[in-house]
Structures are given as structure tokens and as C-alpha cells.
Amino acid sequence: MQLYNKLSAKEREALLEEAGEDRLTLSFYAYAKIGNPHLFRNHLFLAWDQMEVLGRIYVAHEGINAQLSVPAKRFNEFKSFIDGIYFLEGVRLNIAIEHDLKSFLKLKVKVRDKIVADGLNDETFDVTNKGVHVDAARFNELIQDPNTVLVDMRNHYESEIGHFKGAVTPDVDTFRDSLPIIEEDLKEHKEDKNLVMYCTGGIRCEKASAYYKHRGFKNVYQLEGGIIEYARQVEQQQLDNLFIGKNFVFDHRRAERISEDVIAHCHQCGKPCDTHVNCANEACHLLFIQCEECAEKMDHCCSTECQEIVALPYEEQKALRRGKHNSNKIFKKGRSEVLKFKQ
């Protein structure tokens, strides 16, 4: 019974290019009580591997969080499968605006303690007691109400390239960091303001809305389907688009453009740019914003130190990495001291 990937990312990439078949990039989540996450994980892997589904999926006792690439011709088969799981029947699928043949190159289904790490150890907190879900039209009305506080529940490197006009964008590295900061900043408005939240696809807001209700906030709302669904509804219904810039996504595309505004800057030269890259030095792999000119000048590296390393023969680079863990810089997501315009 195969419960793991047999192909490397490069081998899979070659097969996808050779096949040339359309694939759909999508995501979904559901909070539910899963008694045996490991058994559920194996069930998903076996079924989706047969359907040639690729992606990154987290399963926990509290539910499932999935980002996937599905062969277009097998979408109906995929949909029938998840509808056959009682807590996933009819689940909203966030279909990407921009599709990429290689958005995912492996099928990874992992068991985690939680599908969204929150740092909470409060057994009285009920994640299913969520806030009010609103569609794009109602969301636009709410966020233009002076009695509303709009909060971006994403991390700093996400909101840096795109966010809603007038949103509070916490300067945080993780979702768990944002929960206490936002609560402290808004503690005087638990009853007299509308707390409206948004994130990429809705999963973080779902937990955050339940958390803030648990902490005494009275008027809590979240954007249904997140930025992904908002962009779709805005286009279909010809609504005003109040999002500026790009929506960061967690696959090889890294972002979807929602508006033509470029609100970020190259972390190396400071010119307008909103293209995220990973440092070409595999021992670094730092995520940062780099323009085309700096990419050419720096050989797609974040620093001269990394540039010198990638200039070495590949075997020498491997020898330098041998026995070492990835640098913690990989998690700084643009906060590294080597980036002149991100200090």
C-alpha cells in the first residue's frame, strides 16, 4: 500500500509538462472533529494519489486544511469523493483565479496538532462558534462603514504586497502572534465597533472570529471565502474592487494579481515591485521581494554571501550544506538584515 510520493518534484514537473493537460488549483478547509487523523490521512492519500491530485494538506483532530492541484478532467470525480465525506459534503471550494500546471509538484498529506497553529490551550474555546460570514457585496458595505474596524489576519509578508484599503495590517510573522495583538489594540471596542476580518481563503478568519467572540467581541464578521472568493465575486457581479495589489498564495505561483496597483518595493534596491522569490542558495532559501534588475545583478540571491555560494560547483554547495539544518532565515520572510530596504 503506497502512502508516500515515489516521484521527485523534478520528475513530476517533467511528467506534467509532457502531459500538457489542464489542472485546477483550488483550496478548501473544514473545522470538524476527526477521531483518528492518521487513518483519515491515509484514506485521503490513497484516493487522491489515484486521481493524480497534488498539493499540501494538513489533517488534525480539529479538521482539514487543503491546497490542491487537480486534473481538470477528474474534477467531478474529486468533487464526488469529498462530497462522500460527511463533514465535507458541499464544502466551498476556492478555485484559483490564475491556474498553473505546476502549482504543486507532490502530494503531501500531513497530520498536525492543529490545522491552523494558534498557540491556544483553552479547552473552553469552541472553534465552531464562529462570526458572521459575509459575501463581497456585504463586505464592501461593512468596510466603508465608519463604525467598522477592518483587520487583515495574514502575516506581514502577505499584506505587504496587497491588502484592502484602510485595513489594519499587523506586523506579525505568524497567525498566533496576531491574536493577542489585535485583541489588545481593540479591547476598548468590543461592543461598539464592527470587527471585520479577512484572510486568503477564510480558514484563519474562521478561527479568529470564533476566538474574538469567545473573548467578548459582540459584532464579529469574516469575509466568506477570503480574498480568493472576493475577487471572483467582484468580477462576476461587477462590484467595486476595494483590494489593492496582489493576493499572496502558498504554492509555486506565490501570488495572484487582484488589482494593477504595485504597493510593495524591491527589498534590495527599493523600486516598486511585488514579486516574491526564494534565494537561489538552497542553504538559505529566504523569501523576499526582488525586481528583475536585482535578480540579474544578484544571480537571484538575497546577498553577496549567497551569491558567492551559488557560483560554486553544485557538489561544493552540497558539501557546505552537509550536516547543517536550514538557516532560520528561511522563516524571516523578508526580515533578514541583508535586505537594505526591509529594515
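Me: Which residues have the most contacts inside the largest nonpolar core?
Reply: F28, W48, I64, L68 and F78 do, in a core of 28 residues. A nonpolar core is a set of buried Ala, Val, Leu, Ile, Met, Phe, Trp, Tyr and Cys residues joined through side-chain atoms within 4.5 Å. Buried means under 20% relative accessible area, exposed over 50%, partly exposed in between (1.4 Å probe, protein chains only).

Me: What kind of model is this, and how are residues numbered?
Reply: It is a predicted model: local features need pLDDT of at least 70, side-chain atom pairs count only at pLDDT 80 or more, and totals for chains, interfaces and linings use all residues. Residues are numbered from 1 along each chain as its sequence is written, and side-chain values use heavy atoms, without hydrogens and water.

Me: What does I64 touch?
Reply: Leaving aside neighbours within four places in sequence, I64 has contacts including F28, F40, L44, W48 and I115. Contact means heavy atoms within 4.5 Å.

Me: How are the rings of W48 and F78 placed?
Reply: Their centres are 5.6 Å apart and their planes at 40°, so the pair is tilted. Rings of Phe, Tyr and Trp (its six-membered ring) pair if their centres lie within 6.5 Å; planes under 30 degrees apart count as stacked, over 60 as edge-to-face and the rest as tilted. W48 sits in helix α2 and F78 in helix α3, 30 residues apart.

Me: Are those two buried or exposed?
Reply: Both W48 and F78 are buried.

Me: And how do F125 and Y211 pair?
Reply: Edge-to-face, at 6.0 Å centre to centre and 85° between the planes. F125 lies in the loop between β5 and β6 and Y211 in helix α7, so the pair ties together parts 86 residues apart in sequence.

Me: New topic. What is the strand order in the open sheet of three strands?
Reply: β8-β11-β12, with antiparallel pairing. Two strands pair if DSSP finds at least two bridges between them. β8 and β12 stand at the edges with a single partner strand each, so one side of each has no neighbour in the sheet.

Me: Where is Q268?
Reply: Q268 is in the loop between β12 and β13. It counts as buried, at 16% relative accessibility.

How values were computed:
Helices (H or I, at least four residues) and strands (E, at least two) are DSSP runs, numbered from the N terminus.
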